[in-house]
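Reader: I have a new model open and would like to go through it with you. Please keep it plain.

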Amino acid sequence: MATVTSNEAPGSPRRARRWLTGFRERETWVAYAFILPWAFGFLALTLGPMIASFYFSLTDYGVQQIAGFESTSYIGAENYSNLLDDPRISLALKNTFTFTVMMVPGTMIVALALAMILLRVGRSGDFFRTIFYLPQITPPVAAAILLLLLFNGQVGAINRGLDLIGIQGPFWLTDPSWIKPSLVILSVWSVGGTMVIYLAALRGVPQQLYEAAAMDGASPFRRFRNITLPMISPALFFTFIVLTIAGLQAFTEAYVAFFGAGQTGAEAPDAALFYAVYLFRQAFEFFEMGYASAMAWLLFAIIMVVTIVNVVVSRRFVFYQGAQK
Amino acid sequence: MSAGAPSQLGPAGTGAGSVPLPQVVRTARWRRPKLGHFKRAIFIAVLLALTLLFVYPFLWLVSASFKPQGDVFDNRLIPREWVWNYDRVFEIAPVARWLFNTIWIASLGALLVTLSSALVAFAFAYFRFPGKNFLFALVLGTMMLPGAVTMIPTYLIWNELGLVNTQYPLWVPNLFGSAFYIFLLRQFFLGIPRDLFEAARIDGDNYFSMFWRMALPLAKPALIVTFIFEIQAKWFDLLSPLIYLRDQALFTLPLGLKTILDSFGAGGGGEGEYHIIIAATVILAAPMIIIFAVFQRAFLEGIATQGRKG
């Protein structure tokens, strides 16, 4: 790390003095000039809006206030207590959690399986890797339309295919209990990014470990369990966090397929009401900005708690090569 | 992951590969275990079966885009009767306009975010200044923040500026760098020996031309990754156009396609003119596939670098 290296304890007077003399260096001011774009963006588009968002979450800011017909009034924690009473919120949270809980392990398992097979077929693996990556570069709106077309209960290719092997496919898009599984399948289909990360991680596992284990007569399963998994645990952990955060914010596929003018011809199904979809509708369809801000903070809190729990729990399972601990 | 496989990344490689980082633990390169022909054949067969699963939806889509309305769901890969639906798509909606808008916003946004992120990333990689670690922690911290938290006030700011229903909100934020790209590019700059920059300074360059003449050309592989990732992000984005754009003439393709879906799908009344929707979907998806075909290395290695940041 090219930082100011010093052996002094933080907070020591010598260190503080050196820190201050930093401001006399021309380099310091040049550096500040270089990060100015980010600093402006951070203040204007992140920190400022965060503070504003928190303020709005304590007000009744809505369509009347945007139009200037009524003034904004401070209503304290009312939005937050309304969150607890809103049955749609608990529904949306339940939907989102269910989706995430199915999608994250599903993606990780499929990605790891694909990566391990690809690694074993040598050069031709590159061709298949490209193929498996294709869904990842499919725009989500296009993917959602594919879902509508292929998972259609009556005429969709999926159910036609299942017919061939004698299975009566469910009504994926209209049966509430099959809507989330179909969205999960769509998500797992774009497994390519996770797979590429695992592929890189698997290539980094020192070969000597496998040779030593083979000499000790370890079975393939034990080699997988005791060498592969620990050695790629940083990559597993990273994708776990990223997928979880993405799952909790899932929006586009569910919104495109089930909301808007309504592709199924009926009212949008409750089973597809993800938290981010509900938040979007509150904010930009009903213009309940105050309420939607409170929803956003609840989502932030949930993501923070989930991520912190993941980090703490992962300390026991993630193994960093070359790290002291 | 500190133990990448440096030898995997050639001169055109990205990430920390081209110039080895000091802290990289060098390990023996992964070697393929020797498989019997039989086992190998089984693996290839499994992969071919899976390939069908991954490719079939695209084949289905392209072939259906050439079918007449009634045949869309006949599930034949070769249309019974060929129909050119694409000119209809361009007639029923300003699709050409949307395509142009998307290309324009994606390229402009990608160019701006690449340059601004590189500038900021270079500062964090090269300079020593008070508050550096704290500020960099802030950069990383913003990656954790869900977009939903800032979405509403940001909209209100643009509304206040009178710029809702213009395309500015879609690309102006790219002027200010983006946390993930700053992180990615900083890692890359850290991998370039300081001496190279110092040498440029001795040659009498000022700091900015050192960045412009030395750092940027050296970082070209990482800049390409950043550029392409942002093109993809813009090409995928539905939410921002949905929030900010009202006039159809301003739409980008994802929002345009959603509009087509809503008015031509079964929900829009009538049978559902799926041949139109399908052709429009191909128009949205195909350019990304072409970009991917050309810049495959950058895509795949950029993704793989992400996993190494742990």
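Reader: Where is the place of Asn75(B)?
Author: Asn75(B) sits in the loop between α1 and α2 (86-92) of chain B. Helices here are DSSP runs of H or I with at least four residues, strands are runs of E with at least two, and both are numbered from the N terminus. This is a predicted model, in which local features need pLDDT of at least 70 and side-chain atom pairs count only at pLDDT 80 or more, while totals for chains, interfaces and linings use all residues. Residues are numbered from 1 along each chain as its sequence is written, and chains are lettered from A and ligands numbered from 1 in the order in which they are written.

Reader: What is the phi of Asn75(B)?
Author: Positive, about 60°, although Asn75(B) is not a glycine. Most residues other than glycine have a negative phi.

Reader: Why does Asn75(B) count as partly exposed?
Author: Because 15 other C-beta atoms lie within 10 Å of Asn75(B). The cut-offs are 20 or more other C-beta atoms within 10 Å for buried, 12 or fewer for exposed, and partly exposed in between, with C-beta atoms placed from the backbone.

Reader: And Phe287(A), what is its phi?
Author: Phe287(A) has a positive phi too, about 55°, and is not a glycine. Phe287(A) lies in the loop between α15 (275-284) and α16 (289-314) of chain A. Phe287(A) is partly exposed, with 18 other C-beta atoms within 10 Å.

Reader: Back to chain B. How many helices and strands?
Author: Chain B has 14 helices and 0 strands. Of its 310 residues, 45% count as buried. Of the contacts in chain B with a separation of 6 or more, 71% join residues 24 or more positions apart; a contact means C-beta atoms, placed from the backbone, within 7 Å.

Reader: What does helix α1 of chain B reach from its first C-alpha to its last?
Author: α1 of chain B (residues 37-64) reaches 39 Å with its 28 residues, close to the 40 Å expected at 1.5 Å a residue. The expected span is 1.5 Å times one less than the number of residues.

Reader: Where does the kink in α1(B) lie?
Author: At Val55(B), with a kink of about 45°, shortly before the proline Pro57(B). The bend is the angle between axes fitted to the seven residues ending at a residue and the seven starting there.

Reader: Which residues of α1(B) are buried?
Author: Phe43(B), Leu47(B), Pro57(B), Trp60(B), Leu61(B) and Ala64(B). Their cover includes α5 (87-120), α6 (124-133), α7 (140-150) and α8 (157-164) of chain A, together with α13 (274-294) of chain B.

Reader: Where does α13(B) bend?
Author: At Ala285(B), by about 30°, and the proline Pro287(B) follows within four residues. α13(B) has 21 residues and reaches 30 Å from its first C-alpha to its last, close to the 30 Å expected.

Reader: How many residues does the contact take from chain A and chain B?
Author: It takes 91 residues from chain A and 90 residues from chain B. Helix α2 (residues 26-56) of chain A gives the most to the side of chain A that touches chain B, with 19 residues. By class, that side of chain A has 62 nonpolar, 25 polar and 4 charged residues. Nonpolar here is Ala, Val, Leu, Ile, Met, Phe, Trp, Tyr, Cys and Pro, charged is Asp, Glu, Lys and Arg, and polar is the others, Gly among them.

Reader: How many residues has the largest nonpolar core?
Author: The largest nonpolar core has 173 residues, and Phe274(A), Leu279(A) and Phe122(B) have the most contacts inside it. Helix α3 (residues 95-126) of chain B brings the largest share, 16 residues. Domain 1 (13-78) and domain 2 (86-314) of chain A both give residues to this core, so it lies between them. A core is a set of buried Ala, Val, Leu, Ile, Met, Phe, Trp, Tyr and Cys residues joined through C-beta atoms within 7 Å, and the domain bounds come from an automatic or database domain assignment.

Reader: What does Phe274(A) touch?
Author: Leaving out residues up to four places away in sequence, Phe274(A) touches several residues, among them Ala92(A), Phe99(A) and Phe251(A). Ala92(A) lies in helix α5 of chain A and counts as buried, with 22 C-beta neighbours inside 10 Å.

Reader: How many residues of domain 1 of chain A are in contact with domain 2 of chain A?
Author: 10 residues of domain 1 of chain A, against 8 residues of domain 2 of chain A. The C-alpha centres of these two domains lie 34 Å apart.

Notes. Two residues are in contact if their C-beta atoms, placed from the backbone, lie within 7 Å.
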